[in-house]
Amino acid sequence: MERGKKRRFSSTEEASSSKHKGEELSAAQTALVLQAPQKKKSTGSSGIKTSSLFRNNPEIPQMHRPAVSQLKESIFTSDSFTQMNLHPHLVTTLNKVFSASMVTMVQRQTVPLLLSGHDAMVRSQTGSGKTLAYAIPVVQSLQAVHPKVSRGDGPLALIIVPTRELAQQTFCTFQKLLKPFTWIVPGVLMGGEKRKAEKARLRKGINILVSTPGRLVDHIRNTLSIAFSAIRWLVVDEADSIHMWISGVTRLADICLKDSVSVTVSGLSSSDPAACSPAKTDHVTSSQSESFVIPEALKQFVVIVPSKVRLVCLAAFILDKCKNNKLIVFISSCETVEFLYMLFTSVLCGSNQNSGVIFLRLHGNMKQEARMKTVQMSFSSSPCVVVESCCVQSDVAARGLDLPQVTWILQYTPPMAAAEYVHRVGRTARVGEAGNSLIFLTPAETAFIEELANHNISLSEIKLLDILSSLMMDDTYKGRGKYHSKIEMFLRELSRHECVVSPMRLISLGWHSAPLKRSMVHSLRANNGQRLEDPTENRQRVVDFYRDMYSIKCLEEPEVELSFLEVMPQSSSRALEQETRERATVLQTEFETFVHSDVVSVHAARTALQSFLRAYTTYPAHLKHIFHIRSLHLGHTAKSFGLREAPQALSTANHPPGGRAKHHSRRRNQNRPDRQVTPSGRSRELQLLRSEFSSGMEGRKKKKKATFGQHGEEDKCAND
Ligand SMILES: Nc1ncnc2c1ncn2[C@@H]1O[C@H](COP(=O)(O)OP(=O)(O)OP(=O)(O)O)[C@@H](O)[C@H]1O
């Protein structure tokens, strides 16, 4: 069976390889087929040979965009908080401290319900204000208690949240809301903090207690002064992540909630009485639970990228976007986060002084202090890239974290479920703001696009070459320079004018007669940085620009488009594609040189690769046809970790000096009732991993012997 798979993969490679050769001439017309590179290998800046990133890759399939009707859900109502019969000081705090004057949909439905004594199970899109939807009623009701609440009353409200970061954030929300009501004391308990200090605070008295589940259980077992007899409010935030599955949440709700109301904002207009009608908790059917509402202002993209090119693709994207944006990159394991953080800070920030990028990392293996520091730093408005682990839901901040001004979410490792996808992209486009997301899929993983479509999630494609072509914007990773210098000047000029069109987009339009759409014209700015509003002025300006630059005869088309002719000869566009590939190879060479510069880096790369592979084995059964370790090419995957060779002996023994790495896939499985890993299951998993590695290598060797007899087998395996 395994051999069958290997053979199939090899033959695909051969087929695609020969196809590339055959289609070399037409490759410039489509960004989907990667052109076979020149014969010579790039030597990059370090002089070390890097084999082609662009040869022997599986073909990038045409993306079929399934028809998806995205669910819509408005965020805001036309109501203001003054209409909600709240304490005037609470309204002032909402207005002044939270800059919140208008009520969101979920708040309008939930706040009155909770204040009237109902229990509720609330579901609405990410970033729609659910925290205030429960925090306002808690504060409103507790401030009204007579005689006044005192510390001695102990916890009156208990808020359980899945992560430490979210606990801290929720605690801060209560602190702010309680400013006018100083006699009500909030407090937080969470892993990583000193138990002794927490015990002392509990003894002193906390009225609104925010906690992570683990630390709460810890105190229930070991702290005498913790008592819940006076509790009036119990909130389980992100309940699906604490109890994992929606059926679990429903069961939990069945057990805990009395006369409960199900609030589901999606697809229901504000006037629809069903939007907040009393309902039994099992009212939320499974079909409802499987559809997701994505913020309307979120643009969702996918890039289909062969394994070998993944690393440079990610780096090129970051370099392109990091100057003006805050990005979060989701990655499957703590070890990979550590590795990429080290690699990017060294290579992208080290050699490329112009990158101006600040990298931050966040994962469950970090000390609490360091985690908090990352979160605090990412709260600032300056652009940065947060590389974040997403493998253990209870450990990381994929859920609920409300970082301001995040404009791009990158899912470098695809999520394990559509719900996870939604929570990740939900870190941007919050409360009506704009935002973007990009998911990386290999050609073998493209069926995930349909899987997401089944959950009403629709993606648009960004072409790989479009992303890589951003490397043309400066000369840091310049290739051998065969490329037409005028194009470079032209591109630089475009970027200086903040033109949003990417070079490859122009190529795909055909350089020689690229229609310059009005939208592009609008994106040009005057030298003083002001947007040119007058289209006529814009048009003239663009015409002048090209005339000055290239002595080009510009033809003006009436109405919608401006056309300019013969900007570039067709051969230049091919030269540009070639140069783009060379630059990508130079960047890959820098990564590989760094990784192989000492044993520590090699070890970090191998450990990261291993943890990536391990995490890859934990996709649920219904996604195994998309994400199966057998479909991964070990040599190509190794290359995306900067390794020139596919490691021979990956095993559990391969843990860093000074301690065994945490295997998060295992811990994740412990949280998932359907995926308990028994000792024998675990060893089967490891056996599978080992057999995959060895059989993959053997298969590749055999094929290589047959195809390229004289080449060094190991080297070819990693680099082809
Ligand atoms: N009525 C409002 N007006 C303006 N801003 C608001 C309003 N309500 C909440 N916000 C702000 O919106 C942001 C997102 O809110 P919140 O984190 O509660 O969303 P959420 O629905 O819980 O998201 P998620 O599902 O991702 O956890 C916060 O910064 C919050 O202060």
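**Strands, cores and a ligand shell in a predicted model**

Strands E13 and E14 run parallel to each other, paired over 4 bridges. Residue numbers start from 1 along each chain as its sequence is written.

A residue counts as buried if 20 or more other C-beta atoms lie within 10 Å of its own, as exposed if 12 or fewer do, and as partly exposed in between, with C-beta atoms placed from the backbone.

Helix H14 (residues 418-425) is mostly covered too, with 6 of its 8 residues buried. Those are Ala 418, Tyr 421, Val 422, His 423, Arg 424 and Val 425. They pack against strands E9 (298-304), E10 (326-331), E13 (408-411) and E14 (435-441), and against helix H15 (447-453). Contact means that the C-beta atoms of two residues, placed from the backbone, lie within 7 Å.

Now for the cores. A nonpolar core is a set of buried Ala, Val, Leu, Ile, Met, Phe, Trp, Tyr and Cys residues joined through C-beta atoms within 7 Å. In the largest one, of 93 residues, Val 303, Val 312, Cys 313, Ala 315, Ala 316 and Leu 464 touch the most other members. Helix H11 (residues 310-321) supplies the largest share of this core, 9 residues. Neighbours within four places in sequence aside, Val 303 is in contact with Cys 313, Leu 438, Phe 440, Ile 462, Leu 464 and Ile 467. Another core, of 52 residues, lies apart from the largest one and includes Leu 156, Leu 166, Phe 174 and Phe 181.

Phe 181 belongs to the loop between helix H5 (164-177) and strand E5 (186-189). It counts as buried because 20 other C-beta atoms lie within 10 Å. Setting aside neighbours within four places in sequence, Phe 181 is in contact with Val 139 and Gln 143. His 89 is 92 residues from Phe 181 in sequence, yet the two are 8.7 Å apart in space, C-alpha to C-alpha.

On the scale of the whole protein chain, there are two parts, domain 1 (76-264) and domain 2 (291-495 + 568-646), with bounds that come from an automatic or database domain assignment.

Finally, the ligand. Of the 18 residues around it, Ala 100, Thr 126, Gly 129, Lys 130 and Thr 131 come nearest, where near means a C-beta atom, placed from the backbone, within 6 Å. Strand E2 (102-104) and helix H4 (130-143) are the elements giving two or more residues to this shell. Each of the two domains contributes at least three residues to the shell.

Note on methods. This is a predicted model: local features need pLDDT of at least 70, side-chain atom pairs count only at pLDDT 80 or more; totals for chains, interfaces and linings use all residues. Two strands pair if DSSP finds at least two bridges between them.
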